[in-house]
Amino acid sequence: MKFSRCIPLLFALVQARDVVHNWEITYVTTNRGLDQPPKRGVGVNNRLPLPVVEAEIGDTLVLNVYNSLDTPTTLHSHGIFQYGTNYYDGVPMVNGCPIAPGSNFTYRIPLQQSGTYWIHGHTADQNYDGLQTPLIIYDRNDPYPADGEYLFAVEDWWPINIHETLEILQEPGGLGSPFIYPPQTLINGEYGGLTKPITFEPGMTYRIRLVSMMHLPLWEFALDDHELYIIEVDGVLTKPKPVDVVRLAPAQRVSVLVKAKESVERNYQYHITVLQDYVPPIEGVFPAQFDGNVTYHPDAYTEIVDIIPSEPFDDLSIESLDYQPMFNAERSIFLNLTYGFTKDDIPAETINLISYRDPLVPTLFSAMTTQERAINPITYGPQTNTHVLRLNEEVEVLFWSPTQLPHPMHLHGHTFQVIERGYISDTTGEMRQRVPSEGFSPLMRDTVHVQQGQYVIVRFRANNPGVWNMHCHFSWHLGLGFNMLLVVGPYEIQRSIRPPQEMYDQCRIQGIGTFGNAAGHNSFNYDGAPQLPYFRAELPKIAQAIKPIAEAIIDG
């Protein structure tokens, strides 16, 4: 948790600069101070948690990385657009080659946005095992000045690693359950039960940044007898929106402003509540509540409330600060967010019954080197589920979630407007919610929570040449193939994107091709490319038999 004062003055005295971090990515065996057995996590410089990264808009973030793991690694700056630097987006075999074990790589990322972001591993879900940290980018001309601020980064720490988790999830019939190894909640890297007090001074205004580094559950933030004003969502400034509570799904971020009271006669509490919702109830885990003190005076009485507010986050009622009317969709993409089973009843997560597999050549290099074939989605392999978009095309995406789990859907390199929500079973449209078509600036964000049994419509302008992932941010789902690619402006990619030699060196070290289609051929020959498995959408018979029992448990 960070508390800083006079931030605008501090940064007014500092010119744009290189913000340099030297990170050796290492294994760290730890239980994070929890009542759990230790596991082998992934940290930086032999430590967990990672340090919070802070910079100012206009700076260049320099991450000098040495990979001490025995497997490749990458880093993704979540929410950073990477205009002109798509090769630093950090998705292996998409934006380039991963960092080989025992080698170095430097990310040099121009910071052209301000707001609340985070950095996390994007190879083999290494963020699940600890490789993640907030990234805060300040703006000396922020229209919402504050006298101080606090940061709450919340994550779930599971006692088994991602490889063990995925093995359980891929048991035949989908019967494996990692919930037999329940997680605990970490707040700013420490056990949630050790919440630290925050201090308010009378009449001051505070910014509270909330970062969800969760892998599965939802959580909420509330502060007793104080009104919260949402001013930022996923790095995008909003018109002030008063709320009593803020709910976040994995990968989402929200900033609120809070005006301190004029009196020091009473102290109060803030609350971080992990919800049960779509996960099975586990005592002390789902749900779990963590309370911290808001101190005006050390000798003052602390007010304790009986009821803590709780409500869904309403994307459709919040407007972005910079006016941008609803985009006019030139193309619509329907995405069925569902699971599938192989002929051997092995489960996978899919989008339109396609479960993602890496190509043999990084997709960015395929877009750069296949000339006119770069506009054909098949160039990138059917197993990547690629859509090719024209530069500046305005695109509508309908996320359709028919299963019992929701999906926090994240788009790299862009933000989208949240336009509409509804229930997939609603045949009349009576329960449809949609933003006004005129005089309204729809909320723009990079991660939207698509609730179970519902759909969400978003729109965005494809204004950033490159190859961009769109995926569910449940680590379990991403690890089981819940991913797809958008190739934006292939001809503009060929004209403007120039990866550094260091990236080509990484490919050479690992024997990865940098030319041709998904199979490494300069033609319509796809021999050797990963095969696209056939999936059934229905549950295996044994899973169908126990489904009502599982639903009853989740519903409580």
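Student: What are the ground rules here?
Tutor: The model is predicted, so local features need pLDDT of at least 70 and side-chain atom pairs count only at pLDDT 80 or more, while totals for chains, interfaces and linings use all residues. Residues are numbered from 1 along each chain as its sequence is written, and side-chain values use heavy atoms, with hydrogens and water left out.

Student: Why is the pair Cys 97 and Cys 507 called a disulfide?
Tutor: The term asks for a pair of cysteine sulfur atoms within 2.5 Å. Cys 97 and Cys 507 have an S to S distance of 2.0 Å, so the pair meets that cut-off. The count by this rule is 1 disulfide.

Student: What makes the disulfide of Cys 97 and Cys 507 right-handed?
Tutor: The torsion about its S-S bond is about 105 degrees, so it gets that label. The bond links distant parts of the chain: Cys 97 lies in the loop between strand 6 (75-78) and strand 7 (104-110), Cys 507 in helix 6 (residues 501-509), 410 residues apart. Helices (H or I, at least four residues) and strands (E, at least two) are DSSP runs, numbered from the N terminus.

Student: Why is Cys 472 called buried?
Tutor: Buried means under 20% relative accessible area, exposed means over 50%, and partly exposed is in between (1.4 Å probe, protein chains only). Cys 472 has a relative accessible area of 0%, so it is buried. Cys 97 and Cys 507 are buried as well.

Student: How do you know that both faces of strand 6 are covered?
Tutor: Look at the side chains: Leu 75 and Ser 77 on one side are buried, and so are His 76 and His 78 on the other. In a regular strand, side chains alternate between the two faces of the sheet.

Student: What makes strand 6 and strand 8 a pair?
Tutor: Two strands pair if DSSP finds at least two bridges between them. Strand 6 and strand 8 (residues 115-121) run antiparallel and are joined by 4 bridges, so they pass that test. In this pair, His 76 stands opposite His 120.

Student: Why are strand 4 and strand 6 called edges of their sheet?
Tutor: The open sheet has 4 strands in the order 4-9-8-6, with mixed pairing. Strand 4 (53-56) and strand 6 each have a single partner strand, so one side of each lacks a neighbour in the sheet. The parallel part includes strand 4 and strand 9 (residues 132-138), joined by 4 bridges, with Ala 55 opposite Ile 137.
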